[in-house]
Each structure stands twice: as structure tokens, then as C-alpha cells.
Amino acid sequence: MARRYHHRSKFFHTQFLTSCISTTLVLVLLGTIVFFLLIARNLSTYVRENINVTVLVSDDLSEDSVKTLHADLQHQPYVRSIHYISKEDALKEQTEAMGTDPSEFIGYNPFTASFELNMKAEYANNDSLSRIVRRLQADERVIDVLYQKELMQAVNDNIRKLSLILLVIAALFTYISFQLINNTVRLTIFARRFSINTMKLVGASWSFIRRPFLKRALVLGVVSAVAADGLLYLGFHWLRHFEPEINTVVNLEVLLIVGGSVLVFGLLITLLCTYGSLSRYLRMSSNELYHV
């Protein structure tokens, strides 16, 4: 009897380990999808916030007027950052870029002082910018407002297409992941269907029968999620070492969301699949178990 119990215990430990490994791999897949969705979101924000809007200011403005305009622009809800470029700074930048000083040929500094604005991501679209440009151009201190309209439209169109593609892929892989974990759980419960039926025949309630299976599913979900989070972190660490620029779009918030999503997915899927599979076998009669 002791030997038979030892073999059965060893079998279930091996079965749990196998389930844990397969569930971990599926959760790594899910976590990777969430990771890339968040990277795409942050990347779109980063690109939008780094498209410059140039506000050309009048040469007649005094230093105090420039400071006042700077303060007015800085407090606008659509401005993320602002940088003032004086006529002298503009000339110096162009001289370095061109390799020659234009003022030496024409006798004066042809450049205009300006403010370089980086917009907040939610305002970085042509509809919002059109209204903002009209408002700025109505200011007598401003000569003109320049931005790359075609680039802005192209960026937003590409981001929209990429987001749609990633959402479709995420939905597809979520469904596949659910089915893979569901099959793993169902195979585990299938191996114990006769034990379940025996407990039911001796009068055990459905809740009593479910309890150890749900506890096991809870442990499976937590262990698999922790293992998957560990593998994902190692993968991110390797990616950061391989491409340091990834840090511009991956922050602590992204890592926490990915880790939390993996844990929630692991718990929900294993618990729901276990509950559903158990309910199926609990509703079956003894004869039906032999024809499953």
C-alpha cells in the first residue's frame, strides 16, 4: 500500500511539474504580447512628443516680452517642453551645420528668434495642431508657426495601423494561450476522473471535491506566473544589454504591468479552466466516464 501511494504521489508531482512548465511557457508568450503592446504605446507617445513645432517671434520684441511669451507658452496645456533659440544661437547652429557663416555674405543675421515646442502626445495630431497654430498666429508677438504636417499625419497613420495589428495579434494569442492552458488542466483532471467519481459516490459535496483541485490550480497559477515573470525579466535584461535605447520606452510602470498581467492571467486561466473541467466530470455518471 505504501509503495502504491509512493508511486501515485510521484506521478502527481511529475504531472504538476509538467503542468507548471507548460503553463509557464504559455504565460511567457502572453507576457511578451503585453510587453510589446506597452512598448508600442510608449513608442508612439515618444515619437509624437519629439515632433517639434517652431514658433517664430518678432525681431522687435524686447527681452522682457520674450520672457513673457516664454512663460505664456510654457503654461499652455499642450506644451510638454519648450526651448528658446535666439537669433545668435540660430546663426551659430546654421554656421556649424553649413560650415560657413551666412551673415558674412549678406551683411546681417538672416535668422529669426524662435521657440521650439514639444507637444504632449494627445495634442500631436493635425486636428489639434491646426487649432493651436491658428491661436498662436493670432498673437501679434508671433510671426509664424511651422511644423511638419505630412510627417505628423504619417506618424499617426502608421501608429494607428500598428496598434490595430498588435491588438489583433494579442487577441489571437490570448485565445491560443487560454486553449493551451485549458488542455493542460483538462488532462490533469482527466487522469483523476475516477477518483472524483468515487468521492461523489461516497457522498462528498461538489464544493468539497473542488477544494483541493482549486488549491492546486491556485498554486500552479502562482508558481507558473512567478517563473514566467522571472524569464521575462531575464529576457528584458538581455534586450536592454543588447539595445540600451530600449530604456526610452520601457520604464518601471511597463515592467510592473507586465508582471501583474502575467500573475492575473495565470490565476484566472488556471482557476477558471479547473472549475470548468471539474464541473464537467461532476455532472457525468459513472458509465459516462468510460466513454470520455
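Helices are taken here as DSSP runs of H or I with at least four residues, numbered from the N terminus. The model is a predicted one. Under this assignment the protein has ten helices and four strands. Read from the N terminus, the order of elements is α-β-α-β-α-α-β-α-β-α-α-α-α-α. The radius of gyration is 31 Å, well over the 19 Å that the globule rule gives for 292 residues, so the protein is more spread out than a compact globule. The C-alpha trace spans about 105 × 35 × 30 Å along the principal axes.

Of the 292 residues, 36% count as buried. Among contacts with a separation of 6 or more, 81% are accounted for by residues 24 or more positions apart.

Helix α9 covers residues 252–283, 32 residues in total. The distance from its first C-alpha to its last is 47 Å, close to the 46 Å expected at 1.5 Å a residue. At the start of α9, a side-chain oxygen of Asn-251 comes to within 3.2 Å of the backbone nitrogen of Glu-253. Ser-277 is located in α9. Ser-277 counts as buried because its relative accessibility is 6%, and buried means under 20%. Leaving out residues up to four places away in sequence, Ser-277 touches Asn-182, Arg-186 and Ile-189.

Ile-189 is also one of the members of the largest nonpolar core that touch the most other members. At least two residues of the core come from each of α1 (2–49), α6 (149–190), α8 (206–242) and α9. A second, separate core has 25 residues, including Ile-51, Val-57, Val-66 and Ile-82. In soluble globular proteins, nonpolar side chains tend to be buried together.

With residues up to four places away in sequence not counted, Phe-35 is in contact with Phe-236, Leu-239, Val-250, Val-254 and Val-258.

Val-155 lies in helix α6. Its relative accessible area is 13%, so Val-155 is buried. When residues up to four places away in sequence are excluded, Val-155 touches Val-47 and Ile-51. Ile-51 is included in the second core. Val-155 and Leu-278 are 123 residues apart along the chain, and their C-alpha atoms are separated by 50 Å.

Pro-77 is placed in the loop between α2 (63–74) and β2 (79–85). At a relative accessibility of 48%, Pro-77 counts as partly exposed, because that class holds values between the 20% limit for buried and the 50% limit for exposed. Apart from its neighbours within four places in sequence, Pro-77 is in contact with Lys-120 and Tyr-123. Pro-77 and Asp-139 are 62 residues apart in sequence, with a C-alpha to C-alpha distance of 17 Å.

Note on methods: Residues numbered from 1 in each chain as written. Predicted model: local features only at pLDDT ≥ 70, side-chain atom pairs only at ≥ 80, totals over all residues. Heavy atoms only, no water. Expected span 1.5 Å × (residues − 1). Polar contact = N/O pair within 3.5 Å; in protein donor to acceptor, adjacent residues only side chain to side chain. Core = buried A, V, L, I, M, F, W, Y, C linked by side-chain atoms within 4.5 Å. Buried < 20%, exposed > 50% of the residue type's maximum accessible area, 1.4 Å probe, protein only. Contact = heavy atoms within 4.5 Å. Rg over C-alpha atoms; globule rule 2.2 N^0.38 Å.
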